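Dear colleague,

Please find the structure below, together with its sequence. My findings follow directly after it.

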Amino acid sequence: MKYLILLGDGMADYKIKELDNKTPLEYANTPYMDKLASGTVGLLKTVPDGLPPGSDVANLSAIGYNPKQIYTGRAPIEALAKNIALGPDDVAYRCNFVTIENDIMKDFSASHISSDDAKKLIDLLNEQLKLDNIKFFAGVSYRNLMVWKNGKTDSTTPPHDITDKNINDYLPKGEARNELINIMQMAKEILKNPINNTSANAIWLWGEGKAPKAPSYREVYGIDGAVISAVDLMKGIGKLLKLETPYVEGATGFIDTNYDGKMKAAYNALKELGFAYVHIEAPDEAGHMGDLELKIKAIELFDKNIAAPAIEFAKEFDLKIACLPDHPTPISLKTHTSDPVPFAIWHGQSGSKKYCEDLGKIGIFLENGTEFGKFFFKDT
């Protein structure tokens, strides 16, 4: 048997008056996810009590692990994706390019700055920020990293949690407060350089942590596989769990991603290995933007370009498919919540049910990612 998990980041939501009191998942036209929902359905608690509802924590659960046992922070997972070796006392921070106006977080993504433009600005920061123990690394679009040799951890806030809010209420609050604020202030001056023709006028440091450790997927589930994603976070999770992380040209982490390329990579993984995890970021980005129309479009593109070809794969493989979000990203809040998410597990069943949050509520309830993984792989 082959196994495939389809992850629509942030797809879940709350009911919205403008959608006749439906959620975006309920409202969207999703015939292929509805077919998947003819299998086993339920709710999964992806965010353990006491942990933040980030995509790092939630995707570790969705891929079958308990984040409480291995999670050290978001940035060190992304460092793994870039093969950045962290010493035992090194601390990685996520470094967003952002747009701040009059101390208000106007855009956590600097208008989804291109990766090429972001790389130029990262190079500029490394060239002009004269701190021997600090180095910046370019990522995808606004998603970059800072590594602090022999550094300090802190208490920070994701920039997507403070859209349209005053940043002064959310500056670092821990032992590294002064150093981090100083770095962000220096970066703000450096980004005034004329070579910067983007809306990125500041950086925001968050998601800090030291290098994580975890048992491999083969050790836990007895299977090898691949994580297919545009973003470094997911590639880092793949590397942490000793899964392959194929490069997909044109994968952007937004609604214009290369869906076909991702599913070709998933097909190849299923052919050569036993498991694939396909991650699509666009619904989450739309949720953070508070763009309802875009979120519905992202969900429908996920259905057409991810769920549909996955079902076609079942004509060639004895295939079990799971479909779920990692966490909700409600339009009304523009950030993540810890609510359990609906999942569907399909193994060739016929029929159709509307895949949505309410359907999950009438199914089984799984307490954590380990329970989900054991349930999904129970035939191995």
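In strand 7, Leu205 is the bridge partner of Cys95. Strand 7 pairs with strand 3 (residues 91-101) in the antiparallel sense over six bridges; two strands count as paired if DSSP finds at least two bridges between them. Eight of the eight residues of strand 7 (residues 202-209) are buried, so this strand is largely enclosed by the rest of the structure. Buried here means under 20% relative accessible area, with a 1.4 Å probe and protein chains only.

The model is predicted: local features need pLDDT of at least 70 and side-chain atom pairs count only at pLDDT 80 or more, whereas totals for chains, interfaces and linings use all residues. Residues are numbered from 1 along each chain as its sequence is written, and side-chain values use heavy atoms, leaving out hydrogens and water.

The largest nonpolar core has 84 residues. Such a core is a set of buried Ala, Val, Leu, Ile, Met, Phe, Trp, Tyr and Cys residues joined through side-chain atoms within 4.5 Å. Helix 12 (residues 292-313) gives the largest share of this core, eleven residues. Among the residues with the most contacts inside the core are Leu6 and Leu324. Not counting residues up to four places away in sequence, Leu324 touches (heavy atoms within 4.5 Å) residues including Leu6, Met11, Tyr355 and Phe372. A second, separate core of 38 residues includes Met105 and Ile181.

In total, the chain has 14 helices and twelve strands, taken as DSSP runs (H or I, at least four residues; E, at least two) numbered from the N terminus. Of its 380 residues, 59% count as buried.

With kind regards

Definitions and conventions: Buried means under 20% relative accessible area, exposed over 50%, partly exposed in between (1.4 Å probe, protein chains only).
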